[in-house]
Amino acid sequence: MPATAVPGNPQLITQSERDVWERLVRQLAAADVVLAGVRLTDRRKDHELDLVALMPGAGFVVIEVKGGSVWRQDGHWLQSRGSGTHTIDPVDQARTNLYALREYVEADPRWRNSSRSRVRWAHCVVLPHSELGEDFATPDCPRWAVHGKGDQDKLGARVRDIPVQQDSRNRPPNEDDVELVLEILRGRRVPAMVDPGAVAEYREGEADRLTTEQATLLKVTRLLNRVEVRGGAGSGKTVLALTQAKEMTRGALNRDGQDHSAKRVALVCYSIGLAEYFKRQVAAAPRKHRPAFVGTFHELGQLWGGPDGSRDNPDFWEVDLPTQMAELADGLDHGHKFDAIIVDEAQDFADLWWTPLMRALRDEETGGLFVYSDENQRIFSRFGQPPVPLVPLVLDHNLRNTKQIAAAFGPLAPMRMRPRGGDGVEVRFVAVGSKDEAVDASDGVAVELVDAGWHPRDIAVITTGSRHPQQIRLAGDTDQRAYWASFWEGDDVFFGHVLGCKGLERRAVVLCVNQDTVTDRSRERLYVGMSRATDLLVVVGLPAVVRDMGGEQVAHELGIERSGAE
């Protein structure tokens, strides 16, 4: 039997952490417990512990996980995850977290008053993607406490050996010690009310399970080269596009163990935020699952040698660069072209953009083109269509949003969607008197959510009109990738705009309708903004404007006609 996981389906920051967590749960013994995402605060700092193994008969081990490429150079630890090289200190992190957890447990009256002697505590570092030779040596940590890529098959046994190998006079813990540690950690965190993060975490696990089941749809596409997958927000299109890109890249082994079906694949989208999501997911996948190209349409052009442009010159991005890309695609040698191209959020692509994509196929007649689209999320004034006929497949289940959120934006969806995302809280509407008041009111709602127990990193404030002042301050005109990195790595509320948040989601969204007139594509902007929330949605704006944008059905779902504020 596997070890006990606490919590059962944790929210982990990186895929590397989740892979190591799954490995330990699978490899450790039934009496062992694997804690994930433990957060502690002491007088010195906040501590976030990736994983902790509580092993009766062996010891308690605090585990620091570092994905990507990690190595030692000139006495320093360095890490590269595709976004540059950074100096890190995983051993010090693990050691500091160990001391914090040990102090926390031993200071608890239940431990202190039980006359327990100190048990074995240890720490280690796991580098799941980095090769380490047996002669790897570092003065701050022995080789047996650093686990590289080649150690993953025996990770559980190696972690169990760490407290045993240490020269320690402390006793090994027993099962009562493990239970008391769990009681202490739970007891200090007994909530006075429902923990919204815990509820959202459970529902997210169910949504992931349903999305995995839906991935069987990809089997239908194996004998088809030209497919359009249509579905509304929350239907899992983005996850399917990513899964298909990785599976086509990996291919399948025949009976002789030879891979004859692996393809050179490009996974392309429009928005930088969605592209950064794809890149992070692919970076965490095994090397054989990584497509040849992942990024925005315009990044593909720059890869081919196309020029960069100014954000103040839309004609360059809409016309000039695509035209140059078509010429550059003609000049690509066979090795740099693709067997298949997968396009997510394809409704954002203009007619001129499809020409270079088709020319980048190794075989324009039979090469794979797989398009994922939602016509009701067409929030840009582009009306392009793929230049070849595509077999349509329809996704009509909403998997990601609660039933209440799905019902609220349902009238805006391209088709009737069956809600399967589970129950949640009612969608709330906050009426304001002007578009300027909408921003302040939205900020106030975000503060209320934090006070109610939501973690700031689970909240997004998204505007439909002008950008939020905080977004302008954070993003400005600098490198947008640094701004979007905060969407995943930041610990604070995220401030964004509907134009950049397509394909992305947050557990709690405050949609700030900061406009006093209905403009072009306003209905689509409202649809995109409302559907970014998976668990809790608050819409803030002028009632008459929101009604005009969404129509009477959306107004009814939001309760606008009952508010009396027009």
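Predicted model: local features only at pLDDT ≥ 70, side-chain atom pairs only at ≥ 80, totals over all residues.
**Note on helix packing, aromatic groups and backbone exceptions**

1. Helix α10, spanning residues 314-330, packs against helix α11, residues 351-359, at an angle of about 15°, and the two axes lie 8 Å apart. Because angles under 35 degrees count as roughly parallel, α10 is to be described as roughly parallel to α11. The handedness of this crossing is left-handed.

2. On the α10 side, the contact is built from W317, E318, V319, P322, M325, A326, E327, A329 and D330, while α11 supplies L352, W353, T355, P356 and R359. Sorted by class, the contact of α10 with α11 comprises nine nonpolar residues, one polar residue and four charged residues.

3. One of the α11 residues in that contact, W353, also belongs to an aromatic cluster, which it forms together with Y270, F297, F349 and W354. Over the whole structure, a search finds 11 aromatic pairs.

4. In passing α8, helix α7 makes a right-handed crossing. The residues that make the contact are T238, V239 and L242 from α7, and L274, Y277, F278, Q281 and V282 from α8. By class, the contact of α7 with α8 divides into six nonpolar and two polar residues, with no charged residue.

5. Helix α8, which covers residues 272-283, also packs against helix α15, residues 480-489, here at an angle of about 60° and with the axes 10 Å apart. That angle makes α8 oblique to α15, and the crossing in which α8 passes α15 is right-handed. From α8 the contact draws on I272, G273, E276, Y277, K279 and R280, and from α15 on Q480, R481, W484, A485, W488 and E489. The class count for the contact of α8 with α15 is five nonpolar, two polar and five charged residues. Y277 of α8 deserves a remark, as it is listed in the contact with α7 and again in the contact with α15.

6. A contact between a charge and a ring may also be noted: the charged end of R116 sits over the ring of W111, at 5.6 Å from the centre of that ring.

7. The peptide bond from V6 to P7 is cis, its omega being near -5°, and P7 is placed in the loop between β1 (4-6) and α1 (15-27). E345, a residue other than glycine, has a positive phi, near 55°, and it lies in the loop between β13 (340-343) and α11.

Terms used:
Residues numbered from 1 in each chain as written. Heavy atoms only, no water. Axes fitted to C-alpha atoms, helices over the stretch in contact; angles between N-to-C directions. Helix = DSSP H or I, 4+ residues; strand = E, 2+ residues; numbered from the N terminus. Parallel < 35°, antiparallel > 145°, perpendicular 65-115°, else oblique. Left-handed = near helix turned anticlockwise from the far one by under 90°. Contact = heavy atoms within 4.5 Å. Nonpolar A, V, L, I, M, F, W, Y, C, P; charged D, E, K, R; others polar. Phe/Tyr/Trp six-rings, centres within 6.5 Å; stacked < 30°, edge-to-face > 60°. Lys NZ or Arg CZ within 6 Å of the ring centre and 35° of its normal.
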